Amino acid sequence: MDTQDFVRDKLTEWGFSEFIQRFEDEGIDKETFLSLGDPGSVNVLIPKIGQRAKFRKRLRDYLQSSSTETCNFVREKLTDWDLSEFIQRFEDQGVDKQTFLCLEKSAIFNDLIPKIGPRVKFKKKLREYLQALKRKHADTPETMDTDTNSDQEDSPELDPTIFPWHFESTSTSGTDRDNEMSEEPLSISNSSSGLLAVILFFLRHRLNVAVGDLMALLNFLSPNLVVSSKYLSDKITVLSTVFYCALETCQNYMGKDPGGSCCHCGTMFNKEESTKNGNFFLSASLKDLLKGILKIHGTELIPKTVNQGNDIKDVMDGKMYQNLLKQGKLAADDLTLLWNCDGVPIYDSDICSIWPLQFTINELPFTQRNENVMVAGLWFGTEKPKMKTFLKPFIDECCDLAQNPLQWSDSNGAVHSSKVFSLVCSSDAVARPLLRNCKQFNGEYGCEWCLHPGMVVKKGSGSMRSYPYDEEKQKARSNEMFKQNATQTEKSGKETNGVKGLSLLPILPLFDIVFGFVPEYLHSVLLGVSKQLMSLWLHPVDSMKPLCAGQDISQMDSRLLRLRSPLEKKPSSLRSLKCWKKWKASEWRAFLLFYAISVLPGILQSDFLEHYFYLSFSVHILLQESISQHELQMAHESLVRFVKDMKVLYGEENVSFNCHQLIHLTESVLNWGPLWATSAFSFERNNGNLRALLTGRNCNPREIAQRFLVWQHIPRHLSSLVFNRQSNFGELLAKLTAVNDGSGSDKTLGKSRPLDLTGSIKRSVEELLNRPVVKSVEVCDSFTSGHTVYHSTNCKESDQTDFAVKLKNGSFGEIQLILLFKENCVCTSTCLCQAVPIVVVHLYDIKPATLFSDEHPNNTSKTIFVRVERTDQPKAFFLEDIRCKCRYVDGWLVPVPNTYERC
C-alpha cells in the first residue's frame, strides 16, 4: 500500500477525513504518522482538543495492536517452521517483525540459533518466505495490465468490518500454492480447529463484535487453544474485488484495480466511492477452489469410460458427455463442471438480493458433489447483475484452464494435470435468459431449446403467453443457430428468434449454449407444474368446474396427515394443505411421487387424475438411478400426452412455459443424465445458507463481502448445519474434523442383539441357506448398505411407510427382521467373523389395479404404482437381493426412484 494511501485510509477509518488535506500539505507519510506522539506536531495538525484527544487514543491503540501483531508474527512463523523452541530466545532479544525479516544476513543470527541444523533450516524457510513476498509484490495489480482477468489470485482490499481479522494471501505464486497442497487440508486441520470453532459460534449466533476478545479469553483459560487468525488466513482461497462502472445504465466490467475512466461510457473511476457504494462483485480463484476440493476428494474421482450399454446412470453417461469423450476432447484426467447462477432474495435487508455463481465437479460421486458446492462469484445489490460483467472472470479462467491444465495433488501426494471445462448449467427460467442474453419465457420465442413462439391468450382480466403442444412450431434450436441469431441481431438491431444479442457463453470451451442448459426439474416440475395444478384444483374461481377440489380440501388434508407418522421428521414430510403455497420443493416432490396416489383418488375426476399421474409416472422414471432407452421413450410419450391434454382439460390459458418445458426433460436426461444429476437442489441448499448468513442485516457491501469470505472457508460439510438452530452446537463442533465414517459400506445402525430362530422364520432362513441353522444369530433394527438405510418393523424411530422393499425377482415385501448370519463361524463367544446380512420379509399380495386407461400407449404404470395387501407369509432374502426401497402409502407401493435424494 502506498504510504500516502495508508495515511488517507487511517484518517478515514478513524473519522478524521476532514484533516486529510492538512496532513498531505504537511508532508505526513506513514513513518511520520506512526511517530506523531509529539504533542506539538499533533496540535498543529489537529487544533481542536476533543478531536486531538480522540486521534491520540486511536493512534495509541493502533500502535499497541501493531506491537502485538508483530510479536505474533514472529511466534507464528517459528511455530509453522517447527522452530518453536527458539520463541523465548527471540522474544528476549526483542526481535520484532522487521528485524526478523532481516535476519538472513544479520550478525546476531548465530546467537539466536546456535545449532547448525536448526540454523540451516531457518535460513531455508526464511529465504523461501522472502522470495514469495517478492513474487507477490511483483504480481500486484499496480504492475500488471488491468485487462489480465484470468488470474484470480489478488487479495481483496476489504476492511475487516465484521471480524477483527483480514483474510489475505501470504503468497500467490504457483510454487507456494503447490507447496501448500502438501499440508493438511483446511477442513481437517487440527491446528486451526479452535479458530474454526470460534467462527462457527459467531456465524451461528449472528454476532458482529468481540471475536478477538473471545479468542483472548479462550487462550487465557487454556493457552494455545485458539491459534491466531493469521494461521487460518494463510491457508484460504483468495477472493478478488472486481469493480464495474458506477453508472447504473452501464455497469461495464473494469477489473480488479482499474484506473482512469470506463471505456464504454467514459465515467471516471473512483475506487473509494465504488467500494463504498458497492460497485463491485466478488470473484474467487477457480484454480484455488478446485485444488482445495481435489486435495481432499481427488482420489474419489470416477474414471471416464465409454458407455457400452444404453442405460443412463449419471452425467458421464449422457450423450453429450460421451460424444466429447469419444471425440478425444476429454482426456482421462480432465474435469467438467455443473454450474449455476440464480438470484437469492435477502429478506429484511437493504441489499434485496444476491446472485452467487456456483459449481460442482461432475466426476465426483454424487454425494460428494452435493457436499462440495463452491461459490466462484457473488454479486449483490438491488438490481439483477449485468451478466457480461459478472461472468467475465469465471469465463476467462475457464478459457485459461481449457488450454493450460490445472496442476493439483490428491491426498496421497500424487500429482495430476487436468484441463477443466464448464459443460452444464442448471439455472431457473428467470436466470437463463440473462445468462444467454435472450428473451424471457413470457416473450415471443422465449423457449431456450426450440423455436415455439408461444401465443398470447386471455387469462382472467389479463393475458399470458401459452405454449400448446405443436410439433410444427417446436423446431429444435442448435448451438450454431444461436450464434448466427446473435450475430444477426447485433448487425440489424432487431431481435432474431428471441436472441437479443451476443453473450460471453459461446466462448466457453466445449459449452453448447442451447443444450448446455437443462430445464432443471426443481423449478420447472416441482415449484412449477405441480404447484400450478394444486392452485387450479383449489382456486375458488373454478369452484364450479370439474377440475376443482376446493370443496374437498378438508378431506384431502385429512388423508395427507393420516399418512404421516408422528415420528416422521424427514425433509419430505408435508405440512398441511392449508399452507400448500409455502411448501418447499422437497414437499412437492414427496406429494408428486408418493402421497398423491392416496390423497387424490375420489377427489379429482378420473380424467384429471389420470392426467396427473402421467406426470408422476414420467418423473419417477427420469429420477431413477439407471434409465434404459425404452424407459426414456415411455417417459417422453407420457409427458407429451400430459402437455397435449393440459390444453383439453385446463384450457390453453394454463399451458404455461413450465408445462412446455416438460417436453424437453427427456432430451436433457439423454444428454446429461437423470434429473437428480443436474437438479438445482444442491445449489438451492447453498443459497439457503447464504440467505441465512445475510438475512436480517442492513449490510453495506464491505460487510457482505467480509461475512461471505468467512463463511466460504468453513468446512463444506458444516456449511448448512451452522445455521440450523435445531442442531446441537456440541455435535456441530464434534464434526469439525471430517472423518471418513465408512459411509458407503455395509454396517448396522445401533446395537445388534442375539436371537434364537424358531418356526416359520427359521424355516425361511434355512431354505435360503439350504442347510440347517444350529446357532443363534444377531438381529438389528436398521442396516445401511451404500447410501440406503433399511429399517425393520421393530425400528421405533422409523415411520410405518418405510419398511417396504422391491426384490429383484419382482416380488414385494415388508422387512420384519434384519439378521446378521456368520456362515462359517464356530466361535463360542464374541468374535470378528464376517456377518452376512439377511432380511426376512412378509411378502405382499399384488392386487389387480391400474391408474391409466387401456388407451395409454404404454400401460406400464403398474411398474411404478402397485396395489398390494399385507400378508404374514415370511420369506428370507440376502440383502443384495433387494432391488430398491419402496414407500407403503395406504395400500399402494411406490418405489423410491433413487438413493441420492432425500425422500
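How are helix 22 and helix 24 oriented to each other, roughly parallel or roughly perpendicular? The points below begin with the basis of the model and then come to that pair.

1. Basis of the note. This is a predicted model, in which local features need pLDDT of at least 70 and side-chain atom pairs count only at pLDDT 80 or more, while totals for chains, interfaces and linings use all residues. Residues are numbered from 1 along each chain as its sequence is written, and side-chain values use heavy atoms, with hydrogens and water left out.

2. The chain as a whole. The secondary structure comes to 32 helices and 25 strands, where helices (H or I, at least four residues) and strands (E, at least two) are DSSP runs numbered from the N terminus. Of the 903 residues in the chain, 51% are buried; buried means under 20% relative accessible area, exposed means over 50%, and partly exposed is in between, with a 1.4 Å probe and protein chains only. Contact means heavy atoms within 4.5 Å, and among contacts between residues at least 6 apart in sequence, 68% join residues at least 24 apart.

3. Helix 22 against helix 24. Helix 22 (residues 521–538) and helix 24 (residues 585–599) pack at an angle of about 70 degrees, with their axes 9 Å apart; the axes are lines fitted to C-alpha atoms, for helices over the stretch in contact, and angles run from 0 to 180 degrees between N-to-C directions. The two helices are therefore roughly perpendicular to each other, given that angles under 35 degrees count as roughly parallel, over 145 as roughly antiparallel, 65 to 115 as roughly perpendicular and the rest as oblique. Their crossing is left-handed, a term for the near helix being turned anticlockwise from the far one by less than a right angle, with clockwise giving right-handed. On the side of helix 22 the contact is made by Tyr521, Leu522, Val525, Leu526, Leu527, Ser530, Lys531, Met534 and Trp537, and on the side of helix 24 by Ala585, Trp588, Arg589, Phe591 and Leu592. These residues divide into eleven nonpolar, one polar and two charged, where Ala, Val, Leu, Ile, Met, Phe, Trp, Tyr, Cys and Pro count as nonpolar, Asp, Glu, Lys and Arg as charged, and the others, Gly among them, as polar.

4. Arg589 in that contact. Arg589 is found in helix 24 and, at 6% relative accessibility, counts as buried. Not counting residues up to four places away in sequence, Arg589 touches Tyr521, Leu526, Phe681, Glu901 and Arg902.

5. Helix 22 against helix 25. Helix 22 also packs with helix 25 (residues 606–622), at an angle of about 160 degrees and with the axes 12 Å apart, which makes the pair roughly antiparallel. The crossing of helix 22 with helix 25 is left-handed. Val525, Val529, Ser530, Leu533 and Trp537 in helix 22 meet Tyr612, Leu615 and Val619 in helix 25, and the residues of this contact divide into seven nonpolar, one polar and no charged.

6. Gln532. This residue has its place in helix 22 and counts as buried at 15% relative accessibility. Leaving aside neighbours within four places in sequence, Gln532 is in contact with Met646, Asn654 and Ser656. Gln532 and Cys659 are 127 residues apart in sequence and 9.3 Å apart in space, C-alpha to C-alpha.

7. The expected span of a helix is 1.5 Å times one less than its number of residues. For the twelve residues of helix 19 (residues 392–403) this should come to 16 Å, and the end C-alpha atoms are 17 Å apart, which agrees; for the twelve residues of helix 15 (residues 286–297) the span should be 16 Å, and the end C-alpha atoms are 16 Å apart, which agrees. Helix 19 is mostly covered, with nine of its twelve residues buried, among them Phe394, Ile395 and Leu401. Helix 15 is mostly covered too, with ten of its twelve residues buried, including Lys287, Lys291 and Lys295.

8. Positive phi values to check. Most residues other than glycine have a negative phi. Gln251 has a phi near 50 degrees, a positive value in a residue other than glycine; Gln251 is found in the loop between strand 1 (239–244) and strand 2 (253–255) and, at 13% relative accessibility, counts as buried. Asp890 likewise has a positive phi, near 50 degrees, and lies in the loop between strand 24 (882–889) and strand 25 (892–895), where Asp890 is partly exposed with a relative accessible area of 38%.
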